[in-house]
Amino acid sequence: MSETIVPKINKFIMTLLRRSFIRMGVLPFLIILAAIIFTSLSSNFLSVRNILNVTRQSTYLIIVSMGQMLALLTGGFDLSVGTIIAVSSVVGAMAMAAASSMFPGAVVLAIVIGLLAGLLAGLTIGAINGIGVSVFNVNPFMMTLGMASVGFGIALYLTGGIPVYGMPEQFSNIFGFGMFLGVPTPVCITALLAVIMFILLNRTRIGRYFYAIGGNIKASSLSGINTRWNLFLAYLFCSGLATISGLLLTARLETGEANIGASMPLESIAACVIGGVSLRGGVGRIDNVILGAFFIGLLQNGMNLAKIESYLQTVVIGLLLIFAVITDQLRQYLIAKSQD
Amino acid sequence: MQERRDQTQQKQLLLKLEGICKQFPGVLALDNVDFDLREGEVHVLFGENGAGKSTLINIVAGSLRPTSGKLIYRDKETHFSSVHSARKIGISAVFQEFSLIPQLTVTQNLFLGVEKTRRGLLDQKTMNLQAKEILNKLGFQLHPAAKIMSLTRAEQQMVEIAKAFSSELSILILDEPTASLTERETERLFELINQAKSRGVGVIYITHRMGEINRISDRITVLRDGRYVTTLDTGTISDVDLVELMTGRVIDHIFPKIRYNPGETLLRVENLVTEDRSVRDASIEVKKGEIVGMAGLVGSGKSEIMRACFGIEGIRRGDIYFEGQRINKITPASMMKHGVFYVPPDRRIEGLLMMRAVRENISLSALDISRLSIGSFFLRTQKEKEMVQELATQMQLSPPKVERMVGHFSGGNQQKVMLAKVLTRETKLFIFDEPTVGVDVGTRAAIYEFIRDLCEAGAAIVLVSSDLPEILHLTNRAYVFYRGKIQAELQGDDITEKNVLLNFFEQDAA
């Protein structure tokens with residue numbers, strides 16, 4: 001009796017696993033696997049405090065990944081997100097420091113000036129990326145790689161490689177360490193951005209056009225879509241999100257730095273790919289991308305708790321990215337097979 | 001005649017296919033097809049688009065594997081795992097879609113995969129010499145060092161043919177090889193085929209042209225809807241009977257009766273020259289309530305002129321008037337606002353977002369109209385769903401799942417999705433560019449009825465087609481293009497196969 005039931009249960013579990021893999025991709029499995037491994041390595045891992053901590057730490061990557069997703073959806077990518085973070089951090093911090101020394105009493109004014117300056121700097125890089133890709137048909141790889149070098153150079157030139165101090169304390173108190181209704185401000189801002197992004201991608205024309213352009217740019221153009229304008233917007237929005245992330249990081253670090261964000265291009269692309277965004281464009285869901293970025297944060301936190309050296313951590317992230325791409329191929333194959 | 005028959009029968013069997021079936025997702029492309037090829041004969045495969053000819057030759061050439069059935073080459077059952085393994089035993093194919101690498105030169109393409117080497121390095125000199133030899137032998141005036149992308153379509157066709165002839169041949173497959181060749185080049189090709197025949201090469205030849213069948217073939221196998229109909233000796237059947245065999249009982253029903261009611265002029269094109277000169281000095285006129293055909297060879301300008309009117313091809317000179325007004329800004333978006341809709345010929349390349357749902361594909365070009373959007377930003381997703389569901393039912397999409405990926409539907413249903421798109425907007429002029437390429441007979445009939453309904457409802461329709469029967473049966477006026485120029489304008493009863501074909505080629509040759 002039990003001899004016939006066991007294979008049946010096994011078969012049932014296998015089909016269930018297979019179905020959920022086809023539906024959701026590899027990510028849920030990875031999160032469960034990571035949770036099991038890290039919990040067994042460190043008792044602190046699953047504590048509420050640690051999970052909250054991971055969430056807060058992940059926000060910066062989540063925001064950048066949402067931007068990266070837009071570039072990927074249109075069939076390109078943005079390698080300059082790290083530079084955008086650095087430039088916005090440096091320019092924002094310098095402007096804020098200058099403003100606060102000029103008008104010592106007006107803290108809010110100084111913060112606003114700093115934020116606007118940072119935003120302007122970041123969006124400028126995004127606009128140049130967008131113009132290069134959409135108007136001059138430069139390959140997104142070369143365009144954003146080139147701008148990454150330009151931006152990084154500017155950030156270093158402006159600061160001489162030294163961190164920028166002199167921002168009002170309140171800036172960090174609010175945007176770096178502050179709480180809103182008991183939730184860290186960065187988490188609140190990320191949640192708000194996630195909602196906006198969800199609406200943008202699923203309920204607006206622009207979002208639909210991003211998917212369409214990545215799906216088939218010629219067909220989109222023949223359907224009357226202004227592909228240039230929408231491609232431009234994708235890179236502009238991407239830089240906007242990276243800039244917000246950069247300014248929030250600046251608040252957290254209490255200094256403007258040219259060296260932050262170097263790992264962001266790889267990590268944000270990894271988060272998107274693990275979250276099921278197609279590198280060929282046209283496919284991807286915002287909720288999965290957020291989960292993908294969260295997973296990378298979880299992994300880094302877990303490895304820290306397990307006292308894995310930070311140099312080795314980058315090895316793990318890189319391997320994971322490749323693994324995600326391979327499993328995605330497998331998933332596409334299974335999807336095609338199950339549809340026959 | 002009797003003599004020729006005896007001769008061919010004595011010749012040895014090269015290839016025999018028995019009970020070949022090929023199942024694609026949703027379509028049975030070949031259903032139990034038999035075919036055989038003897039040494040030194042030209043065997044024509046005859047059938048409509050979608051009859052299974054291409055699938056069959058792809059199986060022989062090793063690029064597709066049959067779902068079931070036997071393939072016997074020289075009395076031995078064989079399986080081709082790839083084009084390469086078919087090539088090794090001397091099976092070469094010239095497909096309509098070229099297998100050339102545009103960035104490489106003629107020589108490099110001719111020797112692709114069989115490069116000559118000397119001490120481990122490429123032997124450029126020998127290869128260039130041999131390439132020149134091959135081209136001279138074939139009588140093609142091509143420069144071996146020219147890059148493929150700098151050649152015309154006809155020249156690329158020659159390279160493709162040269163490639164097939166450059167290796168040791170036992171079976172040669174030619175898929176409409178003369179489609180873009182001139183009269184002279186065609187003659188030369190026929191000579192080559194005759195030479196190959198005398199060396200014992202078996203040729204499988206696909207063509208739609210009666211004249212070619214009678215001139216060079218020995219036997220004809222007719223396919224219809226993926227099934228084997230019959231095999232005949234050339235000369236034992238009249239052209240009319242052959243066409244009837246090809247189309248079968250469907251011929252009466254497939255083309256609907258259309259009531260034309262030409263009204264005021266909607267589109268007027270004057271002396272149009274495109275940026276790449278694929279259209280030179282062409283003027284046309286399209287009226288409401290009529291179907292205007294655009295006939296000609298591939299690359300003759302018949303498609304390019306309409307693409308220029310929709311803003312896809314650059315315009316060097318010429319004027320376009322719509323509803324009497326001269327149009328200055330010609331982009332797809334602006335033309336759609338005027339009420340023009342262009343349905344492109346290739347679903348995969350220009351038509352659909354294969355990995356997106358049917359819903360998103362159908363509504364894509366109508367997201368800016370007020371029925372589907374709130375302001376210029378937000379979408380009415382519920383309204384969108386309702387509209388798409390309605391259209392899917394109307395077009396008899398099967399299965400009727402609008403959230404399913406378009407890429408997972410059969411070719412015919414993908415075509416229906418493309419056509420459903422045109423119904424999402426208010427449109428006055430419909431341009432259909434090869435609307436029935438690669439769809440089965442049933443869907444074809446449905447598409448023709450679809451076009452008829454649009455026409456009878458008063459819309460203006462332009463039908464660009466390489467399929468002659470479509471031009472003959474569906475249009476009330478037709479322009480025939482040759483090398484970018486309008487060779488003839490035919491009306492009503494003057495649109496006959498003879499009149500159209502006459503103008504496909506140079507006037508002096510005809």
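Hi everyone, thanks for coming. Please keep in mind throughout that we are looking at a prediction. I'll begin with each chain as a whole, then turn to the contact between them, and finish with some strands.

Let's start with chain A. Its secondary structure comes to 14 helices and 2 strands. If you follow the C-alpha trace along the principal axes, chain A spans about 85 × 55 × 35 Å.

Now over to chain B. Here we have 19 helices and 24 strands. The radius of gyration of chain B is 24 Å, close to the 24 Å from the globule rule for 510 residues, so chain B is as compact as a globular protein of that length. Its C-alpha atoms fill a box of roughly 70 × 50 × 45 Å along the principal axes. In chain B, 43% of the 510 residues are buried. Looking at contacts between residues at least 6 apart in sequence, 71% of those in chain B join residues at least 24 apart.

How is chain B divided into domains? The assignment gives domain 1, covering 2-249, and domain 2, covering 254-502. The C-alpha centres of these two domains of chain B are 33 Å apart.

Next, where do the chains meet?

The largest has 166 residues, and within it Ile431(B) and Ile461(B) touch the most other members. Which helix gives this core its largest share? That would be α11 (residues 227-253) of chain A, with 14 residues. If you'd like to zoom in, go to Ile461(B): setting aside neighbours within four places in sequence, Ile461(B) is in contact with Ile291(B), Phe430(B), Phe432(B), Ile451(B), Leu454(B) and Cys455(B). Apart from this core lies another one, of 55 residues, including Ala51(B), Ala93(B), Tyr205(B) and Ile220(B).

For a contrast, have a look at His84(B), which sits in helix α3 (residues 83-88) of chain B. Is His84(B) buried or exposed? It has 10 C-beta neighbours inside 10 Å, and a residue with 12 or fewer is exposed, so His84(B) counts as exposed. The C-alpha atoms of His84(B) and Ser198(B) are 25 Å apart, and the two residues are separated by 114 residues along the chain.

Last topic: the strands. A quick reminder here is that strands of a sheet pair through backbone hydrogen bonds, either parallel or antiparallel.

Lys16(B) has a partner in each: Asp36(B) in β2(B) and Ile72(B) in β4(B).

Further along, β11 (residues 219-224) and β12 (residues 227-233) of chain B run antiparallel, with 6 bridges between them. Arg219(B) has Asp233(B) in β12(B) as its bridge partner. These two strands form a hairpin with 2 residues between them, and Asp225(B) in the turn has a positive phi of about 50°.

Finally, there is an open, antiparallel sheet of 4 strands in chain B, in the order β14-β13-β16-β17. Which strands lie at its edges? They are β14 (282-287) and β17 (325-326), each pairing on one side only. β13 (residues 265-274) and β16 (residues 315-322) of chain B pair over 6 bridges, and Val273(B) stands opposite Arg317(B) in β16(B).

Terms used:
Residues are numbered from 1 along each chain as its sequence is written. Chains are lettered from A and ligands numbered from 1 in the order in which they are written. This is a predicted model: local features need pLDDT of at least 70, side-chain atom pairs count only at pLDDT 80 or more; totals for chains, interfaces and linings use all residues. Domain bounds come from an automatic or database domain assignment. The radius of gyration is taken over C-alpha atoms; the globule rule is 2.2 Å times the number of residues to the power 0.38. A residue is buried if 20 or more other C-beta atoms lie within 10 Å of its own, exposed if 12 or fewer, and partly exposed in between; C-beta atoms are placed from the backbone. Two residues are in contact if their C-beta atoms, placed from the backbone, lie within 7 Å. A nonpolar core is a set of buried Ala, Val, Leu, Ile, Met, Phe, Trp, Tyr and Cys residues joined through C-beta atoms within 7 Å. Two strands pair if DSSP finds at least two bridges between them.
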